[in-house]
Amino acid sequence: MAFNKCLREVAKGDSRITFVDVEQEFDRYIKEHHVRLEELTLPDGVHLSLLGHDVYFECMYPVIARIVEEEH
């Protein structure tokens, strides 16, 4: 997506930003687990399904945990 490409460029240029490329993580999951994007979203194609939330958690939790640990 063009929007995600713009986000990547902005994040790359600012060391204050912690960027998690969720689109890339979902693409990786789809390829590794042989699922379709539709399995990660609800029928509206926007909101995450239960599986989509699990994948989102798997890619976000380590980043958030690391940042919290660095702050303490």
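This is a predicted model: local features need pLDDT of at least 70, side-chain atom pairs count only at pLDDT 80 or more; totals for chains, interfaces and linings use all residues.
At 34% relative accessibility, Glu39 counts as partly exposed. The side chain of Glu39 meets that of Arg36 in a salt bridge, with an N to O distance of 3.9 Å. Elsewhere, salt bridges that share partners join Arg8, Asp21 and Glu23 into one network.

Before the individual pairs, the overall layout. The protein chain holds three helices and zero strands, and from the N terminus on its elements run α-α-α. Along its principal axes, the C-alpha trace spans about 40 × 30 × 20 Å. The chain has 72 residues, of which buried residues make up 24%. Among contacts between residues at least 6 apart in sequence, 30% join residues at least 24 apart.

The loop between α1 (2-12) and α2 (22-33) contains Asp21. Is Asp21 buried or exposed? Asp21 has a relative accessible area of 13%, and it is buried because the cut-off for that class is under 20%. Its side chain and that of Arg8 are joined by a polar contact of 2.5 Å. The pair also qualifies as a salt bridge, again at 2.5 Å from N to O. Because Asp21 lies in the loop between α1 and α2 while Arg8 lies in helix α1, the pair ties together parts that are 13 residues apart in sequence.

A second residue of the loop between α1 and α2 is Thr18. Thr18 counts as partly exposed, with a relative accessibility of 45%. Which residues does Thr18 touch, not counting those up to four places away in sequence? With that exclusion, Thr18 touches Val63, Arg66 and Ile67. For one of these, Val63, the separation from Thr18 is 45 residues in sequence and 8.4 Å in space, C-alpha to C-alpha.

The side chains of Glu32 and Arg28 meet at 2.9 Å, N to O. Both residues lie in helix α2, four residues apart, which is about one turn of the helix. How accessible are the two partners? Glu32 is partly exposed, with a relative accessible area of 48%, and Arg28 is likewise partly exposed, at 33%. Both values fall in the partly exposed class because that class lies between the buried cut-off of under 20% and the exposed cut-off of over 50%. After α2 comes His34, whose phi is positive, near 55°.

The cysteines remain. A disulfide is a covalent bond between the sulfur atoms of two cysteines. How many disulfides does the count come to? With a disulfide taken as a pair of cysteine sulfur atoms within 2.5 Å, the count comes to zero. Cys6 has a relative accessible area of 49% and is partly exposed. Cys59, by contrast, is buried, with a relative accessible area of 10%.

Conventions
Residues are numbered from 1 along each chain as its sequence is written. Side-chain values use heavy atoms; hydrogens and water are left out. Helices (H or I, at least four residues) and strands (E, at least two) are DSSP runs, numbered from the N terminus. Buried means under 20% relative accessible area, exposed over 50%, partly exposed in between (1.4 Å probe, protein chains only). A polar contact is a pair of N or O atoms within 3.5 Å; within protein, one must be able to donate a hydrogen and the other to accept it, and residues adjacent in sequence count only if both atoms are side-chain atoms. A salt bridge is a side-chain nitrogen of Lys or Arg within 4 Å of a carboxyl oxygen of Asp or Glu. Contact means heavy atoms within 4.5 Å.
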